[in-house]
Amino acid sequence: MSAGGVGTPKSLPSSGPKSLQDMPHPLAGPSSEDIAGGELTPSPDLQLPRSIADKDLSLPNGGTPAGTSSPASSSSLLNRLQLDDDLDGETRDLFVTVEDPKKHVCTMETYITYRVTTKTSRIEFDLPEYSIRRRYQDFDWLRNKLEESQPTHLIPPLPEKFVVKGVVDRFSEEFVETRRKALDKFLKRIADHPVLSFNEHFNVFLTAKDLNAYKKQGMALLSKVGESVKYVTGGYKLRSRPLEFAAMGEYLDTFALKLGTIDRIAQRIIKEEVEYLVELREYGPVYSTWGGLEMELEEPLEGVSACIGNCCTALEDLTDDMTEDFLPVLREYILYSESMKNVLKKRDQVQGEYEAKLEAIALKKEERPKVPAEVEKCQDRVECFNADLKADMERWQNNKRQDFRQLLMGMADKNIQYYEKCLTAWESIIPLLQEKQETK
Amino acid sequence: MSSCLKYVSCRQHMTTEGNFWSKKIEISVSEAEKRTGRNAMNMQETYTAYLIETRSVEPSDGQSVLTDSLWRRYSEFELLRNYLLVFYPHIVVPPLPEKRAEFVWHKLSADNMDPDFVERRRIGLENFLLRVASHSVLSEDKIFYLFLTQENNWKETVNETGFQLKADSRLKALNATFRVKNPDKRFTELKHYGDELQSVISHLLRVRARVADRLYGVYKVHGNYGRVFSEWSAIEKEMGDGLQSAGHHMDVYAASIDDILEEEEHYADQLKEYLFYAEALRAVCRKHELMQYDLEMAAQDLASKKQQCEELATGTVRTFSLKGMTSKLFGQETPEQREARIKVLEEQISEGEEQLKCKNLEGREFVKAAWADIERFKEQKNHDLKEALISYAVMQISMCKKGIQVWTNAKECFSKM
């Protein structure tokens, strides 16, 4: 990958996953073949102080395949970790699960909490194991904090806050279980992310006994890398998006559109299946009624009736599974692409700000040609953003592929199981139907 | 597809060795043709004609030779059946396929001219002829023989039998049902069974049509996946191929329902046959009630005549009669008049007793013959319906296997994503 120089806002250097292939990231889970995580190409022309953040980001040994990296983002944190940790790509040292939903009835409100269990060997955590309870609004708070503190990264989506559909019971087993799975997925995605998993808010979320006290503090005890770099961009307009990000944007647009269509189709199928089930429920018993009129035919007719009953049960299982397991994941990904598009827009703004400032400098001919620190800071911000975003996008693409592969295979599986159950039912009554009855 | 295979059981009973055929025969309704002609009011009409072919089978080598071939339309079948109903009231006469398409689910046409409907009707008419031909009593009927062999003037021949005049009026039959005092219990139960059977099969056919409708919807919506997977695959790199090929399987799945439901219509037709058979059963029961009522009326009439006679002879008036009143008021009749009256009555009584004996005998014969045919019918019904249920189960099994196949293929495509 070539290193672009300063002052070329339109073709910023970016690294692809390939450059990291020599050194697999220790935190990469078995699901991702490629390596995610930001890595910047060396920009030796940059003369920026090495400690913009509070952490000392200088590397113990200067030369690594990654080269000297710009310290202005948490991606350099990543580089530090690459050297310290085990080089085996399969090693994970942070495991999070969401389980055991419980209903709490208080005078003011009723709500559900979930147990969040953490097992880790990381030094950032005081204990190897944690088990605390959290409710939805805590997850929501965490997500907002992550968006604030890691604006250059793609934050996974949460299940929808409010339920739009007519008469859905917030406390029904199915709804709670669907939500639990989504929250579990949310935390796992963060835990698997090489940068987000080290976020301070995430740590507190997983460990603190009293989260509310922490929330009230407003500022984190340790200010985070990203937070101190304020990404307050005042509505700078970008002339044009670089090709690769434009492609990303277009991809996300089409992707979300197609998912929306699939969601509608899946819903329609479920609706048709439910209506089919309603008719089947009336159909089966009629055979039984008929059986009551007959002598020799009574058993065969009863058999058919029971068989149809079994098919009804199998169909109900199918529609429940599709509603609980299939649709929510689709919706999650639609939400994901929405939030990703927002991150793209933020990136555009950061680049826009940089370009504007650069232009302003260029216009002031009387100034010394030296580029002021502020503008260089901007450029740096842009480069980091681009790198982080690119890396996250790669990682996201991979995870998406795995997730959809699993989702669609699961859908096919459920249908296969449905037909297998029905097949068993019908095959089992053939001998009953063929049996010669003794005249009663 | 050979229509003969549809009613396998019938074929087995198909030997007909009555007066008219020297050898075993095979009957088929092999073609249907649209025709235009002029009806009774000299107006142009369109109708369908069916080709009936009769073959005689050589017992030595099983070779069949075409002996007769003629065209008939549905109304002629109806005429034949109505004739059989009148002349064989003790027989459960096989029914015709429905006149108009009923129990239709939305994709199925209710139009009588629709080719699918015509095809199913052709099979139903063939089945009707096979059932009649394999019935030990009905197969020997001359009019039936002529139906298969005499194309021209057959209608006139049937009408000449005067069967329309012999037919019992519906009103008379209804009257009998309500007023009969001592019908044979078995017939009462059978009629009740016929009513219930009609009701339950109607219900079953209605719900089945709705089930078919819904199932059609489920399959067809899956076709939409084909299109969207194709569109989605266009923006994907590694996932594209898997998605595209999976989409193709979804199209296959969606298309498969047409054949599945077409096959199921044959099952519905088998059920319909027995729905209409239920009506034939009830007709036999009604005939019994009518005969029994007739008998009861005749016996009642005889009893009252006997009483009248006795009263006249002994001079005692036990019952109130207008004659008695008028004779009281206007003077009694002469002994000669009374004698004359007694003589007339005695003649009537004698006739009446003969008639009653006859009616009794007829009634007993009817019950015996009808019950024999009913037993035959019951066995046929149990056999046929079991076969129908088995074939339905086989259809369902085939549908499940196809479903498993398609989704397994799709799963494999997804695994390659």
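**Ground rules.** I am working with a predicted model, where local features need pLDDT of at least 70 and side-chain atom pairs count only at pLDDT 80 or more, while totals for chains, interfaces and linings use all residues. Residues are numbered from 1 along each chain as its sequence is written, chains are lettered from A and ligands numbered from 1 in the order in which they are written, and side-chain values use heavy atoms, with hydrogens and water left out.

**Entry 1: the sheet in chain A.** I looked up the strands (DSSP runs of E, at least two residues, numbered from the N terminus). Three of them make an open antiparallel sheet in chain A, ordered β1-β2-β3; two strands count as paired if DSSP finds at least two bridges between them. At the edges I found β1 (94-105) and β3 (129-135) of chain A, each pairing on one side only. Neighbouring strands are turned by 20° against each other on average, direction ignored. My axes are lines fitted to C-alpha atoms, for helices over the stretch in contact, with angles from 0 to 180 degrees between N-to-C directions.

I then followed β1(A) to β2 (residues 110-120) of chain A, and the two pair in the antiparallel sense over 10 bridges. His104(A) faces Tyr111(A) of β2(A) there.

**Entry 2: helices on the sheet.** Helices here are DSSP runs of H or I, at least four residues, and contact means heavy atoms within 4.5 Å. Helix α2 (residues 136-149) of chain A packs on the sheet and touches β1, β2 and β3 of chain A, at about 105° to β3(A). Helix α4 (residues 200-207) of chain A also touches β1, β2 and β3 of chain A, at about 90° to β3(A).

**Entry 3: chain B.** I counted 11 helices and three strands in chain B. Of its 417 residues, 48% are buried, that is, under 20% relative accessible area (1.4 Å probe, protein chains only). Among contacts in chain B between residues at least 6 apart in sequence, 74% join residues at least 24 apart.

**Entry 4: where the chains meet.** What does chain B touch in chain A? I found 54 residues of chain B in contact with 56 residues of chain A. The two chains bury about 5400 Å² between them, 75% of it on carbon and sulfur atoms; this is the accessible area (1.4 Å probe) lost on being put together, summed over both parts. In chain B, Arg214(B), Tyr225(B) and Lys386(B) lose the most area to chain A, together 12% of what that side buries.

I also looked for salt bridges (a side-chain nitrogen of Lys or Arg within 4 Å of a carboxyl oxygen of Asp or Glu). The rule finds nine across this interface. Glu294(A) and Lys381(B) meet in a salt bridge at 2.6 Å, N to O.

Note on methods: Buried means under 20% relative accessible area, exposed over 50%, partly exposed in between (1.4 Å probe, protein chains only).
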